Each structure stands twice: as structure tokens, then as C-alpha cells.
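This briefing goes through selected features of the structure shown below. The points are grouped by topic.

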Amino acid sequence: MNHPQRAEVFNRDEDRVDWHDKTLWWVRQKRDMAAHKLPEWEALREAASQIKHNVLSNLDEYLVQFEAHAQQNGVTVHWAADATEHNQIVHRILVENQVTQMVKSKSMLTEECHLNEYLERNGIEVIDTDLGERVVQLAGEPPSHIVMPCIHKKKEEIGEIFHHHMGTEAGLSDPQILTGLARTDLRQRFLTRRVALTGVNFAIAETGEFVVCTNEGNADMGAHLADVHIACMGMEKIIPKREHLGVFTRLLARSATGQPSTTYTSHFKKPRNGQQMHLVIVDNGRTVQLGREDFRNSLKCIRCAACMNTCPVYRRSGGHSYHTAIAGPIGSILAPNLNMADYADLPFASTLCGSCSNVCPVKIDIHQQLYKWRQVLVQQGHVSASKAAGMQAMSTVLSNRRVFAVAGSAGRTLMRWFPGIVSNSLNPWYKQREMPEPPKESFREWYEKNR
Amino acid sequence: MSPRDKILQAIRQNKPALTALPAIPTSNTFADQVVERFTEILTTIGGQVVSVPDMNGVAEYIRSHYPAHRVITTFPELAEVAEVHWEDTSPHELADVEFAVLNVHFGVAENGAVWITDPLMMHRASPFICQHLGVVLSAGQIVPTMHEAYARIGSADYGFGLFIAGPSKTADIEQSLVLGAHGPKTMTVFLVD
Ligand code: SF4
């Protein structure tokens, strides 16, 4: 199923869509309030974008520096060209340590690589420890949002999932009680697992340390109680110097949830006595994206999800409609890089309103990249004939003043006399929408008369 | 070719022309009244500030709030009210700790965070595994923003360094805020003048 089909499924439950829409918009508003408290906000965004640009322009050097420093710190560094190599490396570390169970905190990279499925096929049990990820894991679903993985679930459903899989009382729905039950259950896992895997938010070339940001404390509970800590990072997570963390930590949580900081900002530099620390650096298509001039800026992403929370399409279609690990506007730029045929629908899941680009803390030109992907996908023949014809007609109309005026007037007349022609099931824009009353005259006609 | 060399070679072929690093923006948004700001923000994010004249004040707090619980600390002067010799236990044995009292290097006004590195934690797990966390911060050690925080950390060496801003929390279930996700349910900063 493609994005419009999945969005249609999500839209069958109108109350849920309204709730989803309003809740994410509230998160966006919290982001605004946090941002507006800092007069230097725009300067921070600009600096973050430029730092990331410098990183992309010197990435090989920084990676080599980072590796050397991490090794000096006692960390074992691995390199993986693609998802399969990444999964094999993690599996090998588990086998070498004769371990069949592992706890894992949030890492979108491991979602992208389908690590859990790979390990489970090889007889390894993986427990996701982020509360939202645990909920979707028990439900047998992928996360629908990179910061709030189970935002598509209602609390009653979560109570039901816990009842079914953890044997808790039936009919619970109080978030406080449900969180407490998960806390007790997962604490036992933290205390008994010998290997913990975490993601990486930032890796510092200058010092060889890596930084993990969480609110729950699950990454740390896992890592500090395990004999082996495996951290997995996309190669673009590098930043040059420790002092640059000042810029990124100020932007990340404010952009994500409106908090002034995540609860924990953990700097892992050396393994503790007797502990192994492994770091896996993953490419998986990133070097290809680096070579696509129009799309390379997408590698600046710090995964704050602000572009999803603000996106009118994401809010009303839900994360699962994007059928890729990272949903929303940024996911729609990243996915076609990995596979154009499978993800050709995603760059069209946007109104190109530009709200994503306006909130992005590293100033990625998200909506422009979506527009550019559409053109690439049409050129490469990944778009259906009718949609391609529509795009062609659209660009003829928009680029020709006379045709535009005639088409607009014809459209208004048509909608007034035959509303069924536009408001019918053949026009996907009409789904879940009422078409507005068309104005009697265009602005141009009004201006001609009244100027 | 090894994956490492393959990746590095592909980057060299595909990377854009070198651009310079920008200057880091500065701000004086939080430069004044750092103690008041720190207190206000820590309170909004679910933590609390308790002003104490000296370590006796901390001991008093422990006596009244945790009379019959397991309390650990890294402060030898709290030996009467808390365990001080736990460096040789395994971190797993800290699972039943009710309250841990640790020292920190400094605090940050803009987000209510405190900075702590592993010698001050004794075990890296200690700030996470306890049910309730207390830290001791002197009022003169609060910097305005994260820029000053990293300037102060400079090139310090540590095995593990950590900013903690309030109690552990989650809003994963319908965006309802719950304090005490996997780590401490409360966080108290003992502010010493
Ligand atoms: S593209 Fe920008 S706004 Fe979207 S998740 Fe990445 S950093 Fe955040």
C-alpha cells in the first residue's frame, strides 16, 4: 500500500485523527514557546546549519580523527557499508560474548537496518526499553514517530497490550500506572542483561566521545549495568568539537518537545573498568546522498521531529502511512535515496507549504528537496502516468500568465455549476475534505475593477 | 577493500567543497540572576531546590525524609545518615537504593541541568538506579547557558560525563507527563550558599 492508501486507513477513525492532529500541533506550539524565549534562536539555527555543512565538507577527515581518538579511549570501532554489515557486526559481538538477550534504547538507525528482525531470526531476544518503543514492540508494530514512537495509540489500547503481553490487570488506562508497570518490568531486564545497545546523537571528532540524549534514562540504565555496550551511529552524526555541543544541545530538545534540555545528556568517552564498548559507524546509502547535491543537506538532520509535528500531512495521515523507519517530511527525502521505486510516493505526501523548513533547527530546505525529488522521480519513470501528466499540466498553467487566468476562471465557473466534478472520488484532494465555495471573481478580476 | 576504506573513499568522491566553521553565537539572555533562573527552571521541569546552609542541612533532610531507607552518598561527612563505602559493590547491588546524594561540578541556569563526571558518581549507574536523587551544588557554581558550560568543561578528561536536568520522565502515553520513567522519580538540588 502506498501513502494515500494507508492515510485513508488512518482516516477512517475520525476522532483519532483529530486527536493526533491536535496533539502534535500542541507539541509544535511548545517548540515555538521554547524557541521564542531565546533571542539568539535564529543565530543558533544558522550556526548549527553551518557547522553541519563544514562536517559534510570534511567528513572523511573527521571520521578518521574520531576513530583514532575513540580507539585511544579504549573503544572498539567498526565500520559497516550497509544495513546487512551493520546487523552482522552486532550479531558477531553478541555471539563472541555468548549472549542471546539484549536490551536496546532508541536508535532510528537500527530501525532503518531492521536489526531486531535480523537478530530475532538468529535466536537473539531484543527488548526495546524506551517506553513508547516497548509499547509498539509488544504490539508488533514499528514506531510511528521518531521521538514519540507510540503517539498513534490510545491509552486504553496500551493497557490492553500490557494486559495481553505482561499479564497486568485488564482495563487499565492511567498513564501513571501503566508507566509504573513498565518501569518494574523493564528494571528486571536492565539488571539481568549483559549487553546493551544504544543510539548516538552526536559523536565528537576532537575527543572520540559520543553523546546520547534521553528523558527516560533507559540508555544509561542499560549501558551502565551491562558488560558490553554497543553504540550504533550513522556516519553523519559527527560534530567537530566538544564546544559545538553547546549549539546542538540548546536546539535539540527545544525543537523536539519544547523542553530546555533532555533530562539526560550522557557523554560516553571510555568504557568503565572491565566493560567493553563498541561503536559501529554505518553508511547505508549516506555516501550516495552526500553525492546528490540537491539532497545532501538532508544529512544535517538531528532527528528532532519538529518537521513531523508541524506537517499538516503527517499530523493527519499518521507515521505508519509513510511505510519507512523515519516518517514525515525528512523521511520522505531520505527514503527515495535508498530505493526510488519503493518510496516514489513519499515526496508527494506534502503540500509543500514549507512549515517543515521553517522549524528545522539545522535549516534543511526540506520542502524544496521534496519538490526536487518529485522531478527526479518523474524523470526516472517512477511516477504513474496520470500524476506525471498532472504535474506537467500544472507547470504549463503556472508558467503561463494567460493560461493561468483562463484556467482559474474556468475552474471557478466549473465548481459553481458542477461541484460534483471536483468534489468526487476521482479527485484525491476531496477525500476527507469539503471543497470551499468558489469565489465569484479572482483577485485579478477584482483588482481590475476596483483599483 | 575494507568497508572502512570503501566508505572513506566514497566520501572523498562525493563531499562538497570545504566550508569554514562558523563562530558560535553568544547570548546574555540568562546572564543575570542565575540562581533564581536555575531554581525556576528546575522547578518547572519537575525538580526541586532545597537551600541548605551547609552539609548538616543535607544530613537533616535525609534524617527526616528517608529515616528507614537505603541511602548512599559520596560525602564522607554524611556517614552518620548514609552508606559511604559502596565503591567495591557491583552496580547491580544498588538496585534497592532509595536515595543517592552525589556531588556535582556546576549547574546551568537556562535548563536547570547539573554536570557530573564519573569520579563523582562512584558507579556510573548511581544517578540512574536510585529511586530518588539528590545532588549538592554551591550557589556560586551556576553558569548561564550551555555555551559557558562547555567552555568550563574545556578539554577535561573523563570516562563518562553527564548533564542531569530534573527527574527521569516520559510522555510516551498520550503525551501525559509521568515523572520516574526508568531513573529517579524525584530530583533534589541542595543549594549551598
Ligand atoms: S529534518 Fe530538521 S526538523 Fe526534521 S527531524 Fe531533522 S532536524 Fe528535525
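Helices and strands here are DSSP runs: a helix (H or I) has at least four residues and a strand (E) at least two. The model is predicted. Over residues 93–192 of chain B, the chain is 16% helix and 38% strand, with the end C-alpha atoms 30 Å apart. An unreviewed UniProt entry annotates residues 93–192 of chain B as "domain: LUD".

**Nonpolar cores**
- The largest nonpolar core has 142 residues, and those with the most contacts inside it are L63(A), F202(A), F210(A), I238(A), I281(A), I330(A) and F163(B).
- Domain 1 (11–286) and domain 2 (288–379) of chain A both give residues to this core, so it lies between them.
- Another core, of 22 residues, lies apart from it and includes A83(A), I89(A), I124(A) and C232(A).
- Beyond its neighbours within four places in sequence, I238(A) contacts K52(A), V55(A), L59(A), Y62(A), L63(A), F66(A), A203(A), A205(A) and M233(A).

**The six-stranded sheet of chain A**
- The strands form an open sheet with parallel pairing, in the order β1-β10-β7-β4-β2-β3.
- At the edges stand β1 (76–80) and β3 (125–128) of chain A; each has a single partner strand, so one side of each is left without a neighbour in the sheet.
- On average, neighbouring strands of this sheet are turned by 25° against each other, direction ignored.
- Four bridges pair β4 (residues 195–198) with β7 (residues 228–234) of chain A in the parallel sense, and T198(A) stands opposite A231(A) in β7(A).
- Helix α5 (residues 83–96) of chain A packs on the sheet, touching β1, β2 (101–104), β4, β7 and β10 (276–282) of chain A. The direction of α5(A) makes about 145° with that of β1(A).

**Strand β6 of chain A and its partners**
- Five of the five residues of β6 (residues 210–214) of chain A are buried.
- F210(A), V212(A) and T214(A) point one way from β6(A), while V211(A) and C213(A) point the other way.
- β5 (residues 202–204) of chain A runs antiparallel to β6(A), joined by two bridges, and V211(A) is the bridge partner of F202(A).
- Five residues lie between the strands in the hairpin of β5(A) and β6(A), where G208(A) takes a positive phi near 75°.
- β6(A) is also joined by five antiparallel bridges to β9 (residues 264–268) of chain A, and F210(A) stands opposite F268(A) there.

**Helix α11 of chain A**
- Eight of the eight residues of α11 (residues 218–225) of chain A are buried, so this helix is largely enclosed by the rest of the structure.
- Among these buried residues are N218(A), D220(A) and H224(A).

Technical notes:
Residues are numbered from 1 along each chain as its sequence is written. Chains are lettered from A and ligands numbered from 1 in the order in which they are written. This is a predicted model: local features need pLDDT of at least 70, side-chain atom pairs count only at pLDDT 80 or more; totals for chains, interfaces and linings use all residues. Side-chain values use heavy atoms; hydrogens and water are left out. Buried means under 20% relative accessible area, exposed over 50%, partly exposed in between (1.4 Å probe, protein chains only). A nonpolar core is a set of buried Ala, Val, Leu, Ile, Met, Phe, Trp, Tyr and Cys residues joined through side-chain atoms within 4.5 Å. Domain bounds come from an automatic or database domain assignment. Contact means heavy atoms within 4.5 Å. Two strands pair if DSSP finds at least two bridges between them. Axes are lines fitted to C-alpha atoms, for helices over the stretch in contact, and angles run from 0 to 180 degrees between N-to-C directions. UniProt positions are given in the numbering used here, feature names are shortened, and annotations may be inferred rather than shown by experiment.
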